[in-house]
Amino acid sequence: MHLTAQFERRQEELRASELTQRLEAESVDITLPGRTPVVGTLHPVTQMIREVTDIFGRLGFQVVEGPEVEEAYYAFDALNIPKDHPARDVWDTIFIKAAKNREVVLRPHTSPVQIRTMEQMQPPIRVVVPGRCYRYEALDATHEWHFHQIEGLAVDENITMADLKGTLGEFARQIFGKERKVRFRVDYFPFVEPGVDFAIDCMFCQGKGCRTCKGTGWIEILGAGMVHPNVLTNVGIDPEKYTGFAFGMGVERLVMLKYGIPDIRAFYQGDLRFLSQFSRPALSEAALRG
Amino acid sequence: MKVPVRWLKELVPTNLTAREIGHRLTMAGLEAEAITEIGANWDNIFVGLVERVERHPNADRLVLATVNLGEQRLTVVTGAPNVAAGQKVPFALSGARLFDGHSAEAKLITLKPNTIRGVRSEGMICSEKELGLSDEHEGILVLDEAAPVGLPLRDYLGNEVIELEITPNLAHDFSMVGIAREIAALTGSTARSPRLADLTDSRAGGSLVTVEAPDLCPRYAGVVMENIRVEPSPAWMQRRLSAAGVRPINNIVDVTNYVMLELGQPMHAFDREFLNEGRIVVRRAEPEEKIETLDHTVRDLTPEMLVIADADRAVAIAGVMGGIGSEITNETTKILLESASFNMFSVRRTSRALRLRTESSARFERGIDPNLPLIAARRAVALIQEMLPEVRVTAVADIYPVPVRPRELSMPFAEIERLLGISYPETVVLDILQRLEFSPEILESEGIKTISVQVPTYRADVTNKADLVEEVARITGYETLPERLPERAPIPAEIDPMRRLERVVQDTLVAAGLSEIITYPMLNEQDLIDLNAAGNGLPSRYGYHARPEVPLVTAVNPLRSEWEMMRPTMLPALLKNVAENVKFNPSVGVFETGRVYLPVSPEELPNERRTLGIGLAGQRQLVDLYHEARVVDYFDIKGIIDALVRRIGVIEPAFRAITHPSLHPGRAAEVTVKGQPVGILGELHPSVIAHFGIASERVGIAEIDLLALLEAGIEPWRFQSVSRFQPIEQDFAIVVDEHVPAADVAAAIRAGAGVLGSDVRLFDIYRGQALGPGKKSLAYRVTLAAPDRALAEHEIERIRGRIAAQVERRVGGTLRG
């Protein structure tokens, strides 16, 4: 009995010392590189579209999409941009070969989806539309022939310009920080009346005036306005009963402002050394800032 | 449009600075893009009077000029050929900053006292170039006689110019008077009207003007003037034109341009001697008719275009440009002034068809108030008679069959609040509309207030209630609008399944180490030909899809020849991206979720299919402490697709060998879900790798039709309860013929294991003499578990037996060992 106990104790001691030896032998240089799983990057434009549509999603806007190869009727006429009107020049358009009696374009903006949405839905309507757009435009640091827009549309009884201002203000503060000031100024887009140019105070100089804001202290973010009564009539919504607001913004411009990117062409050159810099989600910064 | 502030302030009294004017206009819809200052650096430069000019004692080509500056007299040495006693001139004292007159570039130098050939020179009489006004350096700038001696030049000639962007709706703001009206409305002051000549006594034109196309020309006023003397226009007019960006030509042409800038009415002056029969016919162009325009270009006209003709030929393209042959020359003595209203759409179509855009067409295509032409003509006559008092008006024609009157518009007063979400007091609204010359009235009937206005004819942009509300908001300022959120939200709709799928696909691939790219979705035919490994023209398949029978979606006006059509496959752009990236990165893995554009018919829009493209190149495994380097191959792309498809809920995707024009014949597969093909994958054919110049031994690609994947049905699933009994792992070595696909062997094992088999994993392939020729041995580790019990030895034996039977029956295999 005594022997057995002694034997067991000895055995226990041996096990313990063996373990100690093993642990000592297994010690490593913990600064050696780990076996890191490789993680890729979402394109910054995709990240911004997600961020923006998520914000509007929380404000009750549903994401819808539409065709990029589009009838001129949806791209222009139904939006109160008649043929032979100088307003049509604002959109330098790439046209698509089609049967003689038809005019087909690469949509120069996401606005045709306003029309398609209103044709299919009844008020209350609240949608955002991300998507690719195309213009017949020479490339330079601030112009791309292929770019992304996000369109927004709200139609209901009692939708006013104050609602537009509040909605856009909420959006801008969520993207660019809650200390942002917003500015509405008069602008013209054929499919809205009254029309608005929406700006935020420059986050680089806090509105004092710098190169990014061209000394004005304000950075234009998007165009907006109250849906033109002709547009509502075109889709069979009674403008006497309903009102609406619409807005549209360039996604690349938002990314450029947010990260100080000087040249829009970087987005579609597809260089991984550029893209991999966006491996931190765009959200983290805003989330941290609260 | 360039707005010289000095000119503007003559038309509307205001104490605002140029910057403030720019800001007010910007907020009201006329964006001030830039403000430039003429004379910003004119310190120490004054208006001087040249009192005496004498010969330089020591130089033939130089003179001594004595200049009176009011409080002092100075002598300068000058070589200017045009200096003369009695002139008012810009005079720079030492310390002034001037542009170097002898340098080709704009270089500022500081003036210092100087001694030239023994005579001290105490300043400089300046040329336009030295002042930075123009490139003119032949002689000195001679100022108007009225220029006050001793006045700083900046106060006399200095000017600020605001550059405004005029949006297409603002035809009425495309003039100095229009901007003056805006300032008046914004500040509550009153714009002044320019002086007009009285033409009521002038002889009616009779057959002077015939309008044959009244649909395209609602009004045409022609004024004949005689005793004209063509010469340079006065300095003040030239200065204003230059400041506004129009080159001075001669007094008559300058007046027409001046009136256009001032009132917004484009005008044209013809030399009447060169008009056949001295009369004007406004008509559509004849077929095959041609005209040589003032820019010395012969233009082919079509019958859709409106021309101004004399008795037998076109002399101008209406609203666009005049013709050679009847233009004003130094010999002109009789002119016919045109001031007309042309159909805006017609002018635009013509200007676009001829690719000829002018200051005139830019104004006409926005629409000109039909009540403006006669006012403009009277203004032009007044200006010409001011310069040339001997000029007589001998005939006036004004063809205006259907006069346009102010538009009557009314709306409930509450409309303002309905659109803006804020209301303003009636007095404020009335005051604003009054300032805009809308003659507003508020009427009340049965408790409902209505506001009614007469919209001036120059405001063709105000046609409905929303326009009227905008005017109120515009003048009060959008900054008065409150911020609010819409009251009621619509019932939240379902998230579009395709968007959900796209997000999962993107996130899964990023987690798998791939990076997302976005590429231009246009390509050209060569890109598609390059997809064909055989090199004999277009391939039979474009990536996943078969080559369509109808033509691809093609641009009429492609920006570049490389972007002619919308892509039917993601592959070319993906491969070009990979080719670039692999130059800089040893390991490249990229994907794009975009659309391919499949043509349907010339009568229908294309089918835009959401599609996933993946490209892998270089090494899939980089060398590091733990791994050898490994070049990408088929199994990398297969593994990604397999994981991706399972991730979105497909239990068992199937892979089938295919031949594909772009892929390696032995490493190409189609992936199917429930028998439906959803995509292709494989290694790129070496020839295609070469076509795209990709510096990588192997390239893995996949193209998945996401809509097909979605439609193949991601089935709803239910959870299965997990067993608390430990699973058992059993190894099976199965010998089959070489040609038997491994997937079939695995399927046989699964069939044999039935519900008890939870995982079937291939871990070794063995070929050797022991097996005999044409045989291979596949080693599988199978995990067996039952939900309600630990498996007993006899049960495991029974499963081994069933697996052996299934393998034998399905793939002709035998269990080894």
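This is a predicted model: local features need pLDDT of at least 70, side-chain atom pairs count only at pLDDT 80 or more; totals for chains, interfaces and linings use all residues.

Colleague: Cysteines first. How many disulfides are there over all chains?
Modeller: Zero, in a search of the whole structure. A disulfide here is a pair of cysteine sulfur atoms within 2.5 Å.

Colleague: What is the nearest cysteine sulfur to A:Cys205?
Modeller: That of A:Cys202, 3.5 Å away. A:Cys205 is in no disulfide.

Colleague: And A:Cys210?
Modeller: Its nearest cysteine sulfur is also that of A:Cys202, at 3.6 Å. A:Cys210 is in no disulfide.

Colleague: Is A:Cys205 buried or exposed?
Modeller: Buried, because its relative accessibility is 10%. Buried means under 20% relative accessible area, exposed over 50%, partly exposed in between (1.4 Å probe, protein chains only). A:Cys210 has 22%, so it is partly exposed.

Colleague: Switching to strands. How covered is strand 9 of chain A?
Modeller: Mostly covered: eight of its ten residues, 218-227, are buried. Strands (E, at least two residues) and helices (H or I, at least four) are DSSP runs, numbered from the N terminus.

Colleague: Which strands does strand 9 of chain A pair with?
Modeller: Strand 8 of chain A (residues 192-201) pairs with it, antiparallel, over eight bridges. Strand 10 of chain A (residues 243-250) also runs antiparallel to it, joined by five bridges. Two strands pair if DSSP finds at least two bridges between them.

Colleague: Which residues face each other?
Modeller: A:Ala199 stands opposite A:Glu220 in strand 9 of chain A. A:Met226 stands opposite A:Phe245 in strand 10 of chain A.

Colleague: Where is A:Asn234?
Modeller: In helix 6 of chain A, residues 229-234. A:Asn234 is partly exposed, because its relative accessible area is 35%.

Colleague: What does A:Asn234 touch?
Modeller: Leaving aside neighbours within four places in sequence, A:Asn234 is in contact (heavy atoms within 4.5 Å) with A:Tyr73, A:Asp77, A:Ala78 and A:Asn80.

Colleague: Last one. Where is B:Tyr626?
Modeller: In the loop between strand 33 (607-621) and strand 34 (630-631) of chain B. B:Tyr626 counts as partly exposed because its relative accessibility is 31%.

Note on methods
Residues are numbered from 1 along each chain as its sequence is written. Chains are lettered from A and ligands numbered from 1 in the order in which they are written. Side-chain values use heavy atoms; hydrogens and water are left out.
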